[in-house]
Amino acid sequence: MDNLTVFLAYLLFFLPLLSGIVFLIVKKQQIRSIFQVLLSVIVLSLLYLSTAGSFEVRTQWTFLGKPLWLGISHTPTIIFLVTVLVLWLLLFVVKREDEEQLSRFDAALLAFSLAFGYTAFFSGQFLMRYISLEIVGLTAALSVLVWTEDQLSLERFSVVFTFLRLGDLSLLVSIL
């Protein structure tokens, strides 16, 4: 495992996370091009990692007294690569109307989902995977809230979402 491989393993988490923050402050017209660059870097990094074989990246960070680490292997890398490529196709290749652009909020949520989706795929710690998947689910739910204009639908969605989160919280408490 070389330094470039370790750098890319970290980059695949921190670049989408930082991009999500950037999306909240840039002009709406710049979002499309920044997102395309982000997805390009992710795809190229994943392609490189898919040729690197299986390896572990140990971090200096701990979570609940255990060291955090990433387990990079071929199958999850390819699955995550396909996921990113499908996202890219849905966002930029499929023809859309000009007024149907990504909002700042949608772009930030997608970037955060990419960062935590990566963590869910590659974290070596079960609880970190679980928390990462919860964050991805939360970002998906937040994006639906933005699109919901009907008050009754919003109220129904809120009730269902609350029950699901309570169930997830109960599962998390039982795991801990």
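This is a predicted model: local features need pLDDT of at least 70, side-chain atom pairs count only at pLDDT 80 or more; totals for chains, interfaces and linings use all residues.
User: What makes something a pocket, and which residues line it?

Analyst: On a 1 Å grid over the protein atoms alone, a pocket is an open set of points where a 1.4 Å probe fits, with protein on both sides within 12 Å along at least five of seven lines; lining residues have an atom within 4 Å of a point. The second largest pocket has a volume of about 280 Å³, a volume being the space filled by probe spheres set on the points, which are joined across faces, edges and corners. Its lining has 17 residues, and those closest to its centre are Phe-13, Trp-61, Leu-68, Leu-70 and Thr-119.

User: How many residues of that lining are nonpolar, polar and charged?

Analyst: There are 13 nonpolar residues, 4 polar ones and no charged ones. Ala, Val, Leu, Ile, Met, Phe, Trp, Tyr, Cys and Pro count as nonpolar, Asp, Glu, Lys and Arg as charged, and the others, Gly among them, as polar.

User: What makes a set of residues a nonpolar core?

Analyst: The members must be buried Ala, Val, Leu, Ile, Met, Phe, Trp, Tyr or Cys residues joined through side-chain atoms within 4.5 Å. The largest such core here has 33 residues, of which Phe-23, Phe-35, Val-84, Leu-114 and Tyr-118 touch the most other members. At least two residues of this core come from each of H1, helix H2 (28-51), E1, E2, helix H3 (74-93) and H4.

User: Which residues is Phe-23 in contact with, leaving aside its neighbours within four places in sequence?

Analyst: They are Ile-31, Ile-34, Phe-35, Leu-38, Arg-104, Ala-107, Ala-108 and Ala-111. Contact means heavy atoms within 4.5 Å.

User: Why does Ser-123 count as buried?

Analyst: Buried means under 20% relative accessible area, exposed means over 50%, and partly exposed is in between (1.4 Å probe, protein chains only). Ser-123 has 2% relative accessibility, so it counts as buried. Ser-123 is found in the loop between H4 and H5, where it touches Trp-69, Leu-70, Met-128 and Arg-129, not counting residues up to four places away in sequence.

User: Why is Ile-72 called buried?

Analyst: The relative accessible area of Ile-72 is 1%, and therefore it is buried. Ile-72 is placed in strand E2. Beyond its sequence neighbours within four places, Ile-72 is in contact with Leu-49, Gly-53, Ser-54, Phe-55, Thr-77, Tyr-118 and Phe-122. Its C-alpha atom is separated by 8.5 Å from that of Ser-123, 51 residues apart along the chain.

User: Why is Leu-110 called partly exposed?

Analyst: Its relative accessible area is 23%, so Leu-110 is partly exposed. Leu-110 lies in helix H4 and touches Phe-35, Leu-87, Leu-91 and Leu-102, residues up to four places away in sequence not being counted.

User: Why does Trp-88 count as partly exposed?

Analyst: Trp-88 has 23% relative accessibility and therefore counts as partly exposed. Trp-88 is found in helix H3; leaving aside neighbours within four places in sequence, it is in contact with Gln-36, Leu-39, Ser-40, Val-43 and Val-93.

User: How many bridges join E1 to E2?

Analyst: There are 6, and the strands run antiparallel. Two strands pair if DSSP finds at least two bridges between them, so E1 and E2 pair. The bridge partner of Phe-63 in E2 is Lys-66, and that of Arg-58 is Trp-69.

User: Why does Leu-64 count as exposed?

Analyst: Leu-64 is at 57% relative accessibility, and so it counts as exposed. Leu-64 lies in the loop between E1 and E2, which form a hairpin with 2 residues between them.

User: What is the phi of Leu-64?

Analyst: It is positive, about 55 degrees, although Leu-64 is not a glycine. Most residues other than glycine have a negative phi.

Key: Residues are numbered from 1 along each chain as its sequence is written. Side-chain values use heavy atoms; hydrogens and water are left out. Helices (H or I, at least four residues) and strands (E, at least two) are DSSP runs, numbered from the N terminus.
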